[in-house]
Amino acid sequence: MSFLIVLIGTLAFAVLAPVVGCLLAGLDRKISARMQGRVGPPLLQPYYDVRKLIEKDNVSVNSTEGVYVTCALVFTLLAGGIFFSGGNLLMCVFVVTLSGLFFIVAAYSTRSPYAEIGANRETLQVMAYEPMVLFMAVAFYMASGTFDVGGAFALDAPVITTIWLVFLGFLFVLTIKLRKSPFDLSMSHHAHQEIVRGMTTEMSGKTLAKVEVMHWCENVLFMGWVGLFFVWGNPLSVVLAIVVVLAVYFLEIWIDNNFARVKWQALLKSAWLVALVAGGVNVAVLAFV
């Protein structure tokens, strides 16, 4: 029965997440433009871009890249289905990480020097944020007594009250996962890097469209992780969670527009330091106090 619920959740996520993610991406562009003194594109410009990509022919150096990107998209949808159907948070983390690994392999398969540098940096980014994400899952279990996301709605108070330090650490690595400056090392939607578009340099047509949709779905999933910290038994907590999610997304846009990109050494050191201090200390307090 739980498999059926996850399957239904995955199908629902596959339908709704691209819509919500597209609107978030359009909102990102609009707010960024306003911060830079520009009018900006229409709210639905990301949809127009993806539709144009779907209409183009695939031109790829290696045909296997499309297979790897498809696998990455499927696992992202599965991770979203697990999370939003109230499933196991730790399994959700592992599945979305597997999606990221397929994306890295897709970039390597193109044999482009720009894409390979981007894939190397993406691997470093996974190494940087994964410890903090695992601390988040463990801290949620220790605060709620279960890895099941649905268990949060049976609590008397939101988990943020006991794992607020983990939440701050997760906000730090969230900038990495959303591919925002100063941590947009492997690829950038703004194409202002020395590696051009990084991992997606050689991707085009339907393959690149799947990458964009995958990022939309990832953003919705990660915002869901943020909202998880603020829900409890009160149904109105969902409204609070949505408000916090929108505030956090605006904060990420502001950071993206106000900080210069750092080197990979600073990314790795800072992310591990945050994980050790925020995640390690909070988990230790829950375990021994």
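The protein has nine helices and zero strands, where helices (H or I, at least four residues) and strands (E, at least two) are DSSP runs numbered from the N terminus. This is a predicted model, in which local features need pLDDT of at least 70, side-chain atom pairs count only at pLDDT 80 or more, and totals for chains, interfaces and linings use all residues. Residues are numbered from 1 along each chain as its sequence is written, and side-chain values use heavy atoms, with hydrogens and water left out.

**Overall shape**

- Read from the N terminus, the elements go α-α-α-α-α-α-α-α-α.
- The radius of gyration is 19 Å, which agrees with the value near 19 Å for a compact globule of 289 residues; it is taken over C-alpha atoms, and the globule rule is 2.2 Å times the number of residues to the power 0.38.
- The C-alpha trace spans about 55 × 45 × 40 Å along its principal axes.
- Of the contacts (heavy atoms within 4.5 Å) with a separation of 6 or more, 77% are between residues 24 or more positions apart.

**Surface and burial**

- Out of 289 residues, 50% are buried, and the cut-offs are under 20% relative accessible area for buried, over 50% for exposed and partly exposed in between (1.4 Å probe, protein chains only).
- Carbon and sulfur atoms own 71% of an accessible surface of about 13300 Å², computed by the Shrake-Rupley method with a 1.4 Å probe.

**The core**

- The largest nonpolar core has 83 residues; such a core is a set of buried Ala, Val, Leu, Ile, Met, Phe, Trp, Tyr and Cys residues joined through side-chain atoms within 4.5 Å.
- Helix α7 (residues 205-228) gives the largest share of this core, 14 residues.
- Among the residues with the most contacts inside the core are Leu174, Trp225 and Val226.
- Setting aside residues up to four places away in sequence, Val226 touches Phe167, Phe170, Leu174, Val244, Val245 and Val248.

**Two loop residues**

- Leu155 sits in the loop between α5 (113-144) and α6 (164-177), yet Leu155 is buried at 16% relative accessible area.
- Ser63 is in the loop between α2 (45-55) and α3 (64-84), and with 62% relative accessibility Ser63 counts as exposed.
- Ser63 and Ser109 are 46 residues apart along the chain, and their C-alpha atoms are separated by 8.8 Å.
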